[in-house]
Structure formats: C-alpha cells, structure tokens
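Please examine the model shown below before reading on.

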Amino acid sequence: MKFMFNGKPFSGVITAVVTPFDENNKVNEAQMKALVDWQIESGIKGILVLGGSGEYVALTMEERVRAVKAAVEAAAGRVPVVAGVLEPGICGSVEAAKLFREAGADVPLVLTPYYVTPSQDGIYDFFKKFDEGFQSPFLVYNIPYKNTTDIKPATFIRLAKDVPNCCGIKECSPSFASCVELVYNVGDICTVMSGEDLMMGGHVLFGAEAAIIASANLIPAAWAKFFEDAKAKDIEAVTAFQKKYYPLFNLLFAEINPGPMKYAMGKIGVEVGEVSTPLKPCSDWLRAELDKAIAELGIKK
C-alpha cells in the first residue's frame, strides 16, 4: 500500500462519511467532494466511504462506484480512502471490492458475512477465500449488534497471523475488552481500529492506533484533536472531551444513523441531502434537541 504509518496502513481518525444524495436518490458528487475536502482540511487522516453511515444498501453498485470515485478524486492522494463492502456472501464481496479498487479506493473494509449466521470457522474461511479472490490488503468490519455476526478476538487473531493481506479491523463490539485483546495480540502486525464513538478514547489509551468514527462527519477537527490527546495519554483532555460531547453523541444516535447526522450537518451548512428509504429523516423532537445542542456547543463548519 502507498500509505504506511509505522509499518502499518492507518493511524488517526478516519471519518465514516455519509453519502450525500440529490433529490433523485443519486450520489451528489459535488457535495461528496466538498465533504471529503472539509474533513481532510480539519485534520482527518482517512475517509471511509460506503460504510453504515454511507447507506451502502440504499445504492446500486453503479452509484456505489460513483461515490468511491468522487471521494478518491476529492482526497487527491492526501489520505487513504477506504471503501465499505457490506455484502452478505463471498462472491458479491470479492466482486464489489474489485470494483472499488478499480475506482481508486486504497483498501476495502469487508463486513463479516451475515444472514446465514456462520460459525467462527465459517467466518475464518470466508475471509481466507476473500483473500484468495481479492489478493490485496483488506480490513475486516466487525459490528455484531448490526448484523448479528461477531468475529471473536481468537478468530481474528488467527486470521491476522495466517493472512498477511488482512491489515486491520474496525472493531465495533460492545465489549470493550475485545478491542484491548486484539491490540495485545495482533497490534504489532495490523491496525486495530476503534469503531465506537463513545469507546474510542479508552481504546486508544489501551493501544488502538486508529479509529473509524461516524460523528466526525459533524465535528472533524474536535475528533482529530481528541485522538492526539488520547495518544498522548492526556487523561484530563480525554475526560473533558467525553463530558462535553457525550450528550451530543447520544442525540446523534438516538434514532437510526445517519438520519440525525445528516440533519445536524445541514444545520451547520454542510449540505448532504436526506436519508434514503427505509430510513426516515429524524423526528421533530430530535431536531429541536439537536438545534439546542449545536447552539450550546457552538458547532460550526
């Protein structure tokens, strides 16, 4: 990979960007490019396009490729661009990853297989076969509370040691200890990324070298500084950040992401359109609460 940090491909905060839609539910390329540019200018170290915040399932493959191309063009080689691959099966995952690589993405973030509810051996076999088909570096995406499939630390540790192309994991397990166990066992050979906004500070204090964060869509500069404070073991700064923004994070995820996020972004002048069905724009009460929080925190673009 062309991006390497201390021998590994990622360091710092990567924003899981929303996908801006136009009125026809198509990717708004101009808004995507403006969003990516603002994120990088704010100190963000990478862009994840087409993650959960990017409404992958709402897009045709053609639109997904357009989103990747727009993000890559905007990043212009300044930071890595990661492309989410949220397919349920092996053939679709390999095919999507290849298309996104052709579109310029640096590495895919591949979701654990779902719907069939595989065993740990089945999950391991899935990623081994993905590696055989893709033959380039990839990241694993573990978010068990969304797709009910959980790659356990022991399984990922085995995978990371057996498959050199497995260059990291976005760990969204609700178990704080899972991320710590991964850092301890494979942090020297791949990048362990915190994927949870409310646990990221602790994960970095325990050794995680990167994070993929959804709310960085709204406050990228604050998240970039928070990561550096956590890396520096500045406990007072980490605690102050958590106390300051905890109420905001609760609001941003009070309804299904990225509805509240897109509303809040529009409120500060970052136009990204609305969410796509079956998601709904955030409710009136939540809009009022977000308005209040944004004003009290003085959040601006």
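**Backbone, helix packing and core**

Thr117 is exposed, because its relative accessible area of 54% lies above the 50% limit for that class. The model in which this value was computed is a predicted one. Thr117 belongs to the loop between β4 (107-111) and α4 (120-134). Its phi is near 50°, a positive value in a residue other than glycine.

A positive phi also occurs at Lys233, where the angle is near 60° and the residue is again not a glycine. Lys233 is situated in the loop between α9 and α10. With a relative accessible area of 47%, Lys233 is classed as partly exposed.

For α9 (residues 220-231) and α10 (residues 235-252), the angle is about 145° and the axes are 10 Å apart. The crossing of α9 past α10 is left-handed. On the α9 side, the contact is made by Ala222, Trp223, Phe226, Asp229 and Ala230. Helix α10 contributes Ala237, Val238, Phe241, Gln242, Tyr245 and Phe249. Sorted by class, the residues of this contact comprise nine nonpolar, one polar and one charged.

Pro258 is placed in the loop between α10 and α11 (259-267). A cis peptide bond also leads from Thr277 to Pro278, and its omega is near 15°. Pro278 is located in the loop between α11 and α12 (284-297).

Which residues of the largest nonpolar core touch the most other members? Among the 107 residues of this core, they are Val49, Phe100, Phe156, Leu218 and Trp223. Trp223 is also one of the α9 residues that make the contact with α10. For Leu218, the surroundings can be listed in detail. When neighbours within four places in sequence are left aside, Leu218 is in contact with Trp38, Leu248, Leu252, Met261, Ala264, Met265, Ile268 and Ile299.

Terms used
Residues are numbered from 1 along each chain as its sequence is written. This is a predicted model: local features need pLDDT of at least 70, side-chain atom pairs count only at pLDDT 80 or more; totals for chains, interfaces and linings use all residues. Side-chain values use heavy atoms; hydrogens and water are left out. A nonpolar core is a set of buried Ala, Val, Leu, Ile, Met, Phe, Trp, Tyr and Cys residues joined through side-chain atoms within 4.5 Å. Buried means under 20% relative accessible area, exposed over 50%, partly exposed in between (1.4 Å probe, protein chains only). Contact means heavy atoms within 4.5 Å. Axes are lines fitted to C-alpha atoms, for helices over the stretch in contact, and angles run from 0 to 180 degrees between N-to-C directions. Helices (H or I, at least four residues) and strands (E, at least two) are DSSP runs, numbered from the N terminus. A crossing is left-handed if the near helix is turned anticlockwise from the far one by less than a right angle, and right-handed if clockwise. Ala, Val, Leu, Ile, Met, Phe, Trp, Tyr, Cys and Pro count as nonpolar, Asp, Glu, Lys and Arg as charged, and the others, Gly among them, as polar.
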